[in-house]
Amino acid sequence: MSLSSIFICLIGLGAFSFFFGSARIRKLSVNSDLKLHSRSVYHGSFLLICTTFVPLILLIIWTGVSPLIIDALLEAFLRARLPEADTGTLGVMIAKVKAFHVGSINAAFVDDTIRAAETYYASLLSQFAFGRAIAVIMLALVGFGFGFRPLAVRFAARHAVERVSGYVMLVASAIAIFTTIGIVLSLIFETMRFFSSVPVSEFLFGLHWSPQIAIREDQVGGAGAFGAIPLFAGTLMITFIAMLVAVPIGLMSAVYLSEYAEPRLRAIAKPGIEVLAGIPTVVYGFFAALVVAPMLRDGGADIGLTLSSESALAAGLVMGIMIIPFISSLSDDVINAVPQTLRDGAAALGATQSETIRQVVLPAALPGIVSAILLAISRAIGETMIVVMAAGVAANLTANPFESVTTVTVQIVMLLVGDQEFDSAKTLAAFALGLVLFFITLGLNVLALYVVNKYREQYD
Amino acid sequence: MTDISTTCQDDTEQAARRAARLKKRYRAERRFRFYGQAAIGMAGLILVFLLGSIIFSSLPAFTHHHVTLDIEISTDQIDDEDLAASNWLGMVRAGLRTHFPYVTKRSEKRTLYKFLSLGAVDNVRDYVMANPQAIGKTLPLSLPLSDDIDLVLKGLIDRNLPPDERVVSDAELDWLDRLVSENRVSEKFAVQLFTNGDSREPEIAGLKGALYGSLLTLLVTLIVSFPLGVLAAIYLQEIAPKNRLTQLIEVNINNLAAVPSIVYGLLGLAVFINFFHLPRSAPLVGGLVLALMTLPRIIIPTRAAFASIPPSIREAALGVGASRLQVIMHHVLPLALPGILTGTIIGLAQAAGETAPLLMIGMMAFIVDTPTEITSKATVLPAQIYMWANNPERAFQARTSAGIVVLLSMLLLVNGAAIYLRKRFEKRW
């Protein structure tokens, strides 16, 4: 049985046990003189939890662990056939067996060992799937029986259900912590492995980035260079261009919408700008690569500038467009939070509206605006699709926005997309870059929070 | 009491200076106002230009030119045992040859065969399989032209270019003009865009596989993130004691919402694929990664929805003897539901447009089949758009834009539903 059919089966069993449990207790209470301790819903829910809770956990664990066991068994099988093969060769063979199993390798290209292993693999898969279905359904039935026994008129089903729900909620909110721990641990673990082959100083301060690993041992320049400075510089340049676009437009439109615009314009313009925020980044990437970049290149050629077709300018401009709604909505909030009394006071002193805004409202909103800009920078640094599609791949250390530069996120994608073995320095480098990215964005977010908390004036 | 006469010594010079200063200040006011209008106008123009250019360039992909050719379904080409395995290609080519009898050279014939799309063969097969009585007859069938010829007809390939600079040869243009003058060419809606899977041939490539992949992935995301997100929000907002642990969780959730999506992709790659050996390119893994990413984006609006319910409701329920869970399940949750659903829909819409984390876990493979199971290989709509955008063939550019139009209209629909839900059911206390 496939994963989804077991899941649906389990949902069906759960629904059945719920209705069965509540119907059963209603019948019992009709025939009894005692008053029900809990309403029938709780008895139903109690039976539902007994029936589905343990099997669901087993299903999750089994699905997570069984590929590990199957792969280990498959490796043992192949090792028995080929005692002299090293781990790398076995890994390639395992990948081949799986590819043959799903049919992406033609039968003509595989030898007998692979074929035998594939038969073994297929039998393992079906055995495990069968075992999983049996185990889950058996457990569900046992749970049903276990939960059915205590059902009685005076049984405190509500207390039991509420206790379990409390734990489930606690676990659900702890997932957020597990995710963070998972991110940090997985990034740090792989980064440590990367730094065992490439020194930290070379990575952080090296000026040369070319992660190509030699296919042959003696290939020239095959060692790969992992100096990430050109990537950081490229990221900064594109982010800077993006901010040059987004900050003036976003901030001025927020000011205009909250201070000048009549309600009708506000009702149209505000959602209009929010639409920009809802557009997926891959769309911006397409726009940057196929509309903006050619336009800039042709326009540049007309006035005698040579622009690379993957110029930092195109990626930066479009990224700026993506950031506009971010800055404008956050600034709009902080500008609206400035109390009206400040504006009235300035007006009473004879200031014009723009003087009020520039000398009273904006300074009062400044901490919020600064934090909005910091968050926008963090967003721009982590943005991937626009730069993958519109910025370059080659690492150029340049300050010329008309040339092509590459960024941290582009390199992460380039290093990991496509099939390659997982343990090479090339793929591990992606995790080191990811770690840098994670800490930079985290730092910017914390800084943004700090700025707001430290400098915000409490007017109320 | 000040002596008024001394303050009133306005001479004309001072008045003029004051007037000039006022004028300057009013000019600054107008300038500032203009900057604001310019910023809004700019944002509006950008939006219109962005959407306009994509919609405009997508238009060619929604139609395709077909040519009506007389195809002989000759009995000696039909495989009696397995009808689908008959020599359909041979019949289509024979039809082309009979229509252009003067094409005799081998190389010219080869060009002639490329005049029609590869999908033409499928068309003939599907037609005959559906109408077996056609066997042995010669029928006028409407067959799709190849993508380059289609682009010529749509005016996207300039036929006035010198022959060595355009992909279509003079001979092909001659044949095309003949067919057009015989009134055999017609433009039809490109159904393939929605009924086919991916393909290397732009005119056959469709979005069906990607749409199914997106659907399965989002289903996993919804199943995982909605219950977890709502439960976590209930716990943090309604039940949790205000201590260090819950504070830590809160800070964590806010930070997770700001982690770049690509980092979630790295997490998925390291944990789900390399540690747990879950299958690459599978909606299961994609859905889990997106679920982790969406979780904080569901928790935050859900908590806001709970926070907006006035405490009097909880107190009233407690007052008549409800337990804490009953207060939540019977009173607070139903009242907060519109806000929760709106937040979930918007979070899922964001996940639906997300590409970068899915590239990390291999959900951009070239997959022709429609995925049926959450562990089978699949791709999603944004990844399909990314792959098509990388395709150098000219006709794929329109296909990509069409894919974007489909994606955007779906997101528009979903977000519209969320806004409607909020407007319709939201209560202001």
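**Getting to know chains A and B**

User: Where in chain B is B:Ser281 found?

Analyst: First, some ground rules: this is a predicted model, where local features need pLDDT of at least 70, side-chain atom pairs count only at pLDDT 80 or more, and totals for chains, interfaces and linings use all residues. Residues are numbered from 1 along each chain as its sequence is written, while chains are lettered from A and ligands numbered from 1 in the order in which they are written. Helices (H or I, at least four residues) and strands (E, at least two) are DSSP runs, numbered from the N terminus. With that numbering, B:Ser281 falls in the loop between α11 and α12 of chain B.

User: Is B:Ser281 buried or exposed?

Analyst: A residue is buried if 20 or more other C-beta atoms lie within 10 Å of its own, exposed if 12 or fewer, and partly exposed in between, with C-beta atoms placed from the backbone. B:Ser281 has 22 other C-beta atoms within 10 Å, so it counts as buried.

User: What is phi of B:His277 near?

Analyst: B:His277 sits in the loop between α11 and α12 of chain B. With 18 C-beta neighbours inside 10 Å, B:His277 counts as partly exposed. Phi of B:Ser281, in that loop too, is near 60°, a positive value in a residue other than glycine. Phi of B:His277 is also positive in a residue other than glycine, near 55°.

User: What radius of gyration does chain B have?

Analyst: Chain B holds 17 helices and 3 strands, and its C-alpha atoms fill a box of roughly 115 × 80 × 40 Å along the principal axes. The radius of gyration is taken over C-alpha atoms, and the globule rule is 2.2 Å times the number of residues to the power 0.38. A compact globule of 429 residues would come out near 22 Å, but chain B has 32 Å.

User: What is the radius of gyration of chain A?

Analyst: Chain A comes to 15 helices and 2 strands. The globule rule gives 23 Å for its 460 residues, and chain A is well over that, so it is more spread out than a compact globule. Its C-alpha trace spans about 85 × 80 × 40 Å along the principal axes, and its radius of gyration is 31 Å.

User: How many residues does domain 2 of chain B give to the contact?

Analyst: Domain bounds come from an automatic or database domain assignment, which for chain B gives domain 1 (60–190) and domain 2 (208–425). Their C-alpha centres lie 46 Å apart. Two residues are in contact if their C-beta atoms, placed from the backbone, lie within 7 Å. Domain 1 of chain B gives 5 residues to the contact, and domain 2 of chain B gives 6 residues.

User: Which element gives the largest share of the side of chain B that touches chain A?

Analyst: Between the chains, 70 residues of chain B are in contact with 73 residues of chain A. Elements giving two or more residues to the chain B side include α9 (208–239), α12 (283–307) and α17 (394–425) of chain B. The largest share is 19 residues, and it comes from α2(B).

User: Which elements do the buried residues of α1(A) pack against?

Analyst: Helix α1 (residues 3–30) of chain A has 28 residues and reaches 41 Å from its first C-alpha to its last, close to the 40 Å expected at 1.5 Å a residue, the rule being 1.5 Å times one less than the number of residues. Its buried residues include A:Ile6, A:Leu13, A:Phe18 and A:Ile25, whereas A:Arg24, with 17 C-beta neighbours inside 10 Å, is partly exposed. The buried residues pack against α2 (40–81) and α4 (112–148) of chain A.

User: How many residues has the largest nonpolar core?

Analyst: A nonpolar core is a set of buried Ala, Val, Leu, Ile, Met, Phe, Trp, Tyr and Cys residues joined through C-beta atoms within 7 Å. Among the residues with the most contacts inside the largest one are A:Ala288, A:Ile386 and B:Ala232. A second, separate core of 16 residues includes A:Ile6 and A:Phe144. The largest core has 214 residues.
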